[in-house]
Amino acid sequence: MGSPWKPFLLLSVISGLSDFARAVAARPISYAALLRMKADSSSGLDSRSRPRQHHGGGLVTPDWPAFSSHPLSALSLLSSQEDYRSEENEDFGPVFLHEPGDVLFPLDSDERKVVLRCEARGNPPPTYSWYINGTEVDGAADYRYSFVDGNLIITNASERTDYGKYQCKAENVLGSVLGREALLQFAYLGAFSGKTRGGVSVREGQGVVLMCTPPPHSPEIIYSWVFNEFPSFVAEDSRRFISQDTGNLYISKVQPSDVGSYICLVKNTVTNARVLSPPTPLTLKTDGIMGEYEPKIEVHFATSVLAARGVAVRLECFALGNPVPTITWRKINGNIPKKARLRKSQAVLEIPNIQLEDSGTYECKAENPRGGTAFKGHLQVYTLPQWVRMINDTQMDSGEKLQWECKAMGRPRPTYHWLLNGLPLTSQGRVEIVNGELIIHRVQQADSGMYQCVAGNKYGAIYSNAELKILASAPVFLHNPVRVIATLGKDVSLECKPRASPKPRITWKRADRRIQQSRRFMLLRNNTLRIVNSSRADEGSYVCRAENQLGSAEMTAVLWVKEAMRVELSPSRVEVTVGESVVLSCKAAHDTSLDVAFQWLFDQKPINFHQHGGHFEYIQTSSAVDLMIRSILLKHAGKYGCRAQTSADTVSVAAELLVRGPPGPPGVVIVEEITDTTATLSWTRGLDNHSPISTYNLQARSPFSLGWQTVKTDPEPVTGDMESAMAVELNPWVEYEFRVVASNAIGTGDPSAPSRGVRTTEAVPSVAPSNVSGGNGRRHELVISWEPVSEEFQNGEGFGYIVAFRANGTRGWKEKMVTSADSTTYKYRDETFPPLTPFEVKVGVYNNKGDGPFSRVVVIHSAEGEPREAPGDVKAYGISSSEIRVTWKAPNPGPGRPRGYEVSYWKDMEQEESGTKQRTVKNETSMVLTGLEGNSLYRVTVKGFNSIGPGPTAAAVAANTRKAPPAQPPANLVWIQEGNNVSLNWEPVKAKDNESDVIGYMVLLKQEGRGHNQVTRTINPSTMLLLPEGGTYTIDVRALSEGGEGAVSAQARVVTSSGVRAKSSQRSVHCAPPGLTWAAMLLVLLVPSASW
C-alpha cells in the first residue's frame, strides 16, 4: 500500500520551490551575494538590491501558498532551482573571508616570523597586495617579506622597521576592496640600569615614595617589590601601596620594621619575562620621630580617564600621612556602580565591564585625625563604531539612479568616507556624497565596481562592502511555457517576469488578439495579468511579449479552471480530560483529476509529528485524514486546523479542543500583614482549566526548611472561592517566602510564583539549649557545654545564653551571660574548689525581647586537672639491635589521672630536644621502641598526659640496643629426602666482633600455593623436617642472635608427588653448591628417585 504521506510531501516541496522561484524570478540572487550575507537589519531582499551582509538563516517557505497565484509548473520550478545553482559560476567581486587582526609579537620569540592572514573569495579568484602605513609592501625589494596565498609573512621582524598599521587589498577584474587596518606591535622588556641607587633616609612616622623607574617595555608591565631578598615580597595594606600606573612603592607612615633593602620587580604580561632593579636602601634618621600630619595624596588617577566600553577600569588613589589615612570614594552627581569593587585597602576602585552610564566624575578622599584632602577626575567611556545600516550588492539598469546609505553608531560620533575599488570617492559630476549617503545619477557601465563605506572615529574604523553591477540584456524567459490551474469563480494571476535590462515593454495576447484592460482582465503594474471570477470559458493559452532596444521574447501561459474543493472537519468542538485521547476526522470533496494533500495545524502552526513526544498520530486515506491525539495534556488545548490542498485550490477548516485538568498556578502572592507567628496572604485566581477549584494549599520556605513545606492556616481548609488566608504557627524572626497551590477534582496544579521574602517579628525565645554537659578542663575549672539553639528558634536579635550553676548543697545560683549565639562552651575558674567538685548546672536563653526558658538541671563535676605525679619505676632494656622495651608503673590514684603516656627517647650524644616522642594507644604501662640503631646507647623518659595537658616527667633512664645480627647467612645447605622426611645440615655461622653471638637457628618451611608455614628452632646446625603432604615446599635458614635474625640462606626447593605420600624406600641427597644464586636455585627441581 502506498504511503499516505507522499502527496503531502510532494506538494510541500512544490510549494517551497514555488515561493523560492517567485523570489528570484525577476533578478536572481547571485552566488556572490549569498557568500556576502552578514547582519543588516535595515535591508530586505528585492529584485534590485541583494544583501552582501545578512542577519539570519536563509530563505523561509511561506505557509501553503495557493497554486493559482504561481504560473509555474512543478517541473519548471525544479529546473529553475538548477538554474539558480548554476549561478555559482557567475563572476563576482572580492569578498573577504578572513581579515588580519592586531598582532602583539614577542621580540624574544624563538619563531622570528610574523604571519598576517588575509583570505577572500571571488570569481575570477582575487589577487592580493599589502600596505604598511599606507605604502605598498614590495616583496621583491625586501627579502624578509613573502606572500603565501593572501597571507603576508615577515621574517626577522623588528620594531624599528615593521611596527605599524597593515592593510590587505583583494582585487580581480570586477574591482578591489581594502581590508580593515591591523596594528603590528612588539612585546619586549629591557633591563634596569645597573647604576647603584642611592639610599633613602626618613624619620619614623614620615611617609616615603620609593621610585621604580622601569626599563623600556611594551606593552604593559606588572609591578611588585621585594623586601631584603627574593622571594620576600612587600605585602600591600592600608600603609603600603604599589602603584600599577607608576610602579612606585608608597609607604604612608614608615615604621622601624620597614628598614631594609627594596628591589622593584617588573613582569611583562605577554612574554612573562621578569627583571629586578638595583636595591634601594631605606634607613631611619636618628634625629627624632615625625609628628602627626594631615594626608597628602601622592598617587591618583588622571583628571581625564578614557576607557573603551566593556573593559575593566582601575582608578588608583593613595595618600601619605600620620596617622595612616583612610581612603573613601564617591561619584559626583550619582552612585558608584554596584558592580564596582574596592581593592588594596580601598586604594583602588575597579569597575568591570564599563558602560556608557558609568561615565562621570569620581572623587577619592584621604582622611586622618589631622585633616583630609580629595582628588577628582572625569571618567569618559568611548565606543568603537558599530553598524546600524550597511550597503548591499546591487544590480541596476543603465541610466537608473543609485542611492546607498550606511549608518553607524559610536562615541565620538563616527564620520564617513567612500572608496571605489580601494581608492577614495568624492562628490563630482553625477556623484553626490553627504556623510554616509552616496547618490550616483544616471549610472553607467563605468560605475560598476566594488564600493566601500568606511565609518570611523579616533578609536577605530569599520568597513561595509558592496558590488555594483550595471546590466544590459535582451528579454529572456527562464520558463516557457508555464501551466496554471485556477479554481472556478476565483481570481487568477498570470505573471510575466522576463530577465531584461533596460526594463522591457510588456503586452498580453490571446488568440493573436491583444488583451485590453477591462473589469475582468486587469493589467497590473508588475506586468501581471489578473482574471477576475474565472470561468471555464477563460481556459486556454495566453502570450506575454517583452521588448526593449536589445531584442524581444514571448512566454506562453496555459490556464485550466477546476471546480472548488469542499472540506469537513468533525467534531468541531470537543471536551476531554487530561490523559484521555481523541480523534479528529477531516474529509475533502474535490475534482477527481487532481491529487489532494492534507496538513494539520495547531493554533495556526503546522504540527511536527516527530517533535510532540508521540502525542500526535496521522492516519490518511485517499480523500480523508484523521488526527489522533493521545494522552492529552493541558498544553494541547486550542484550535486544530485541517488544510486540504490541490494544485488548484486550498481550503482550511478548524475545530476547538477544550482540555479539563488540574488548575493553573495562582497569581501573584502578596503578604498583607506579618506578626511573630502569622502571615496574612492574598492571591489572585489562576485558570481552573474547566474544572472548579476546590481547595488551596499554602506553602512556606525558609533558610532552615528542606524546600517548600505546607503550613497550617486559618481558616482550615482554604476553599476554592477564597483569595486570602492566614498562615499560622510560624517561627518568630525568620525570613519566609510563601506560595499557593490550587487543587480541583482532577488533581493538584502547579504552584504560584513565590512571594517576596518577609521576616516575622521578634518574640521572647521559647526553646532552651539541649544536651547540657561538661567536664574536663584545667585544675580549678568548671567547663559547661551545650548544643546551640538554631537560628530558626532564636526569635530575634541580641540572642545569647544565661549559664547558671551552683555547688551541690548550696542555695544561690551564679548566672553568667554568654553573648554569642554560636557559643557552645562556658568555663568558670575558682581556685577555692577542689577537683571533681559536683555542680548543678542549667543553661537558659535570652534576646532583646526578654529571657526565655532554662534547660533541665544536670550535675557536672569540675576538672581534675593534668597529671600531678610522674610515672614510677621506669625501666628500659634492649631486646634486639633495633628495639628497646620500656616499662613503668602508673602513679598513685587520685585527681589528674593519666589517660595515656608519652615516651621520649634520644641517642646519648644528642640533645633531648631533638628526640622522638611516642604515645601509648591507651593507658598502657609498657612500650617497644623500634627503628633504632644497633649497639647504641639511648636515653628514655616517660610522662603521663590527659585531655588537660601533660604531667611531670620521670627521670631519664639509659638502655643499649644489641649488636647487629650476623650478616653471614648459613652456607653449604645440604638436605637428604627420604619419603616425607627431610634431613637438613649447614655450616655454623660465626659472628664478627661487631655482631651479636649466634644462639641458634631458625628454619622456615613454606608450602607453595597452600599458605602452610612451619618454623623450627634449633641450637645445632642441623634439623629434621616432616613434610605434611604432597606438594612443593621451600626451605630457608637464618641464624638467631640477641640482635635479632641474621641473613637468610640460599633457598631449597623440595617436591613430593601431589596427593601421594612418598614411600620410605625413596631417597635422594641434595646440596646447594657454593655461590649458587637464587635464580639458579629456582631451576632445581627435586623429585624422589624412581625405582628402576
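What follows is a conversation about how some labels are given to parts of this chain.

Guide: This is a predicted model, in which local features need pLDDT of at least 70 and side-chain atom pairs count only at pLDDT 80 or more, while totals for chains, interfaces and linings use all residues. Residues are numbered from 1 along each chain as its sequence is written, and side-chain values use heavy atoms, with hydrogens and water left out.

Visitor: How many helices and strands are there in the chain?

Guide: The chain has 5 helices and 91 strands. Both are DSSP runs numbered from the N terminus, helices being H or I with at least four residues and strands being E with at least two.

Visitor: Why does Ser-855 count as buried?

Guide: Buried means under 20% relative accessible area, exposed means over 50%, and partly exposed is in between (1.4 Å probe, protein chains only). Ser-855 has 11% relative accessibility, so Ser-855 counts as buried. Its place is in the loop between strand E73 (850-854) and strand E74 (858-861). Buried residues make up 45% of the 1092 residues in the chain.

Visitor: What is Ser-855 in contact with, leaving aside its neighbours within four places in sequence?

Guide: Contact means heavy atoms within 4.5 Å. On that basis Ser-855 touches Ala-768, Pro-769, Val-772, Lys-842 and Val-843. Of the contacts in the chain with a separation of 6 or more, 65% are between residues 24 or more positions apart.

Visitor: What makes Arg-520 and Asp-538 a salt bridge?

Guide: A salt bridge is a side-chain nitrogen of Lys or Arg within 4 Å of a carboxyl oxygen of Asp or Glu. For Arg-520 and Asp-538 the N to O distance is 2.5 Å, and the pair meets in a salt bridge. Arg-520 lies in the loop between strand E44 (513-514) and strand E45 (521-523), and Asp-538 in the loop between strand E46 (529-531) and strand E47 (540-548), so the pair ties together parts 18 residues apart in sequence. Arg-520, at 30% relative accessibility, counts as partly exposed, whereas Asp-538, at 3%, counts as buried.

Visitor: Which parts of the chain does the pair Glu-617 and Arg-630 link?

Guide: Their side chains meet in a salt bridge at 2.4 Å, N to O. The pair links distant parts, with Glu-617 in strand E54 (residues 616-620) and Arg-630 in the loop between strand E55 (624-629) and strand E56 (638-645), 13 residues apart. Glu-617 has a relative accessible area of 29% and is partly exposed; Arg-630 is partly exposed at 36%.

Visitor: How many salt bridges does the count come to by this rule?

Guide: The count is 40. Arg-505, Lys-509, Arg-545, Glu-547 and Glu-554 are linked in a network of them.

Visitor: Why is one side of strand E4 (113-116) left without a neighbour in the sheet?

Guide: Two strands pair if DSSP finds at least two bridges between them. The open sheet has 3 strands in the order E4-E9-E8, with antiparallel pairing. Strand E4 (113-116) and strand E8 (145-148) stand at the edges with a single partner strand each, so one side of each has no neighbour in the sheet.

Visitor: How do you know that E8 and strand E9 pair?

Guide: E8 and strand E9 (residues 151-155) share 4 bridges in the antiparallel sense, and the definition asks for at least two. In E9, Leu-152 is the bridge partner of Phe-147.
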